[in-house]
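My notes follow in the order in which I looked things up.

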Amino acid sequence: MFRKRKKPANTRIDVREVLRGCEAGRLQSVGYMQVIPLVSDLNDNRFVSPVQCDAAVYTTNYGTLGFRNTSDSVMIVPCHAGYVVKQHAQDHAMAHAGVVAAAGDRSYDTAMCIQASQGGYIQQGAYRMLILPHALREHALAKRKTKDFRKLWDDISMFNQRFGVSGQGHLEFFLKTFKKELDEFVAEFECVARQVGAIILIDDRVVGIERAPSHAYWQSIWPSLIRECYGSLAIEAAKANGDRPPDRSPRMQLPVEIASLDQLESLIAEIAAQEDEQARSTVRELLDESLDLQYEETVADVAIDTATSEHFSGQVIRDGEKIVYASLPATSAFVKSQEWTRAEPFAI
């Protein structure tokens with residue numbers, strides 16, 4: 001089941017290859033966040049998420065997170081999946097992605113506690129899955145091989161401080177403080193037909209590229225991605241810039257007088273098209289960016305690789321040369337960068 005392989009000959013791919021077989025859907029935009037859906041007819045239902053199969057999640061030690069897959073499909077545990085539970089037990093998260101064979105049971109001793117000073121183990125059961133806030137994911141991935149349940153506490157503490165939240169090493173304090181705002185993101189951004197992924201932007205800046213093996217898998221993990229992971233970035237942008245709508249120029253101005261509802265509808269559609277094009281132009285040059293792949297392991301005939309570049313730091317899972325899963329959050333340096341260039345028309 002678990003076997004090592006020789007380092008693959010192809011240790012570098014570009015972002016365009018990650019998105020092979022996908023097309024870009026119509027931009028969705030609310031406040032500071034924009035989402036470009038990735039749609040595809042490729043639908044690989046051999047894989048399920050922990051949400052789809054109601055995987056039993058548990059801890060057997062601090063820093064060891066286990067998954068029991070009762071389905072007859074291979075389970076891909078999303079990169080940086082986490083669990084905040086109501087029972088007297090210490091919340092945990094993964095430092096990387098995971099793969100559990102069909103009808104398999106696997107634990108990871110490289111996981112991390114995300115709730116300092118709380119004792120107790122998570123009893124085996126199905127729980128709501130989150131995906132770590134964007135600002136924590138790069139730190140978690142860098143420590144993916146470190147076996148220390150406390151390894152993310154300092155990063156969580158600094159993250160909380162940025163939001164004015166108390167609680168050293170306690171991620172649940174941030175989640176409780178901003179529960180209302182985080183819940184709203186789930187309601188505002190909906191999956192579209194055939195969607196298997198998304199390119200996420202904050203204030204016209206690309207902050208992540210996500211791809212799933214199937215529409216059903218994507219639907220199951222999207223609430224966690226949009227809520228804790230990318231929603232936290234949108235909240236941070238609003239705190240830094242206020243609740244005003246972002247200025248995305250060039251932008252068409254509505255005339256003082258509008259003669260009819262048809263005219264208003266046409267103008268709004270044109271404004272939306274301009275915003276859609278502006279978001280796409282931001283993405284264009286990133287498609288040819290090279291990702292360096294570092295092989296991690298092969299499980300159930302699929303390989304996990306850590307993918308890094310100047311702008312992204314995440315993981316991909318491959319069946320041969322076919323990408324079945326990818327999670328590529330932008331690096332913190334890229335998120336903060338003010339330099340955004342334009343290139344050729346957007347295409348995938």
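Entry 1: I began with helix α2 (residues 134-142) and helix α3 (residues 153-162), whose axes lie 10 Å apart and pack at an angle of about 165°. For the axes I noted that they are lines fitted to C-alpha atoms, for helices over the stretch in contact, with angles running from 0 to 180 degrees between N-to-C directions. I therefore wrote down α2 and α3 as roughly antiparallel to each other, the scheme being under 35 degrees for roughly parallel, over 145 for roughly antiparallel, 65 to 115 for roughly perpendicular, and oblique for the rest. The crossing of α2 and α3 is right-handed, a word used if the near helix is turned clockwise from the far one by less than a right angle.

On the α2 side I found Ala135, Leu136 and His139 making the contact, and on the α3 side Asp155, Ile156, Phe159 and Arg162, where contact means heavy atoms within 4.5 Å.

**Entry 2: how the model was made and read.** This is a predicted model, in which local features need pLDDT of at least 70 and side-chain atom pairs count only at pLDDT 80 or more, while totals for chains, interfaces and linings use all residues. Residues are numbered from 1 along each chain as its sequence is written, and side-chain values use heavy atoms, with hydrogens and water left out.

Entry 3: Next I turned to helix α5 (residues 179-188) and helix α6 (residues 215-241), whose axes come within 8 Å and cross at roughly 125°. I therefore recorded α5 and α6 as oblique to each other, and their crossing as right-handed. Among the residues that meet here are Leu182, Phe185 and Val186 in α5 and Ile226, Ala234 and Ile235 in α6.

Entry 4: Is Ser49 buried or exposed? Ser49 counts as buried because its relative accessibility is 0%, the limits being under 20% relative accessible area for buried, over 50% for exposed and partly exposed in between (1.4 Å probe, protein chains only). I located Ser49 in the loop between β6 (47-48) and β7 (56-61). Leaving aside residues up to four places away in sequence, Ser49 touches Met75, Ile76, Tyr217, Ser220 and Ile221.

**Entry 5: the whole chain.** Finally I noted 8 helices and 21 strands in the chain, and that buried residues make up 56% of its 348 residues.

Definitions and conventions:
Helices (H or I, at least four residues) and strands (E, at least two) are DSSP runs, numbered from the N terminus.
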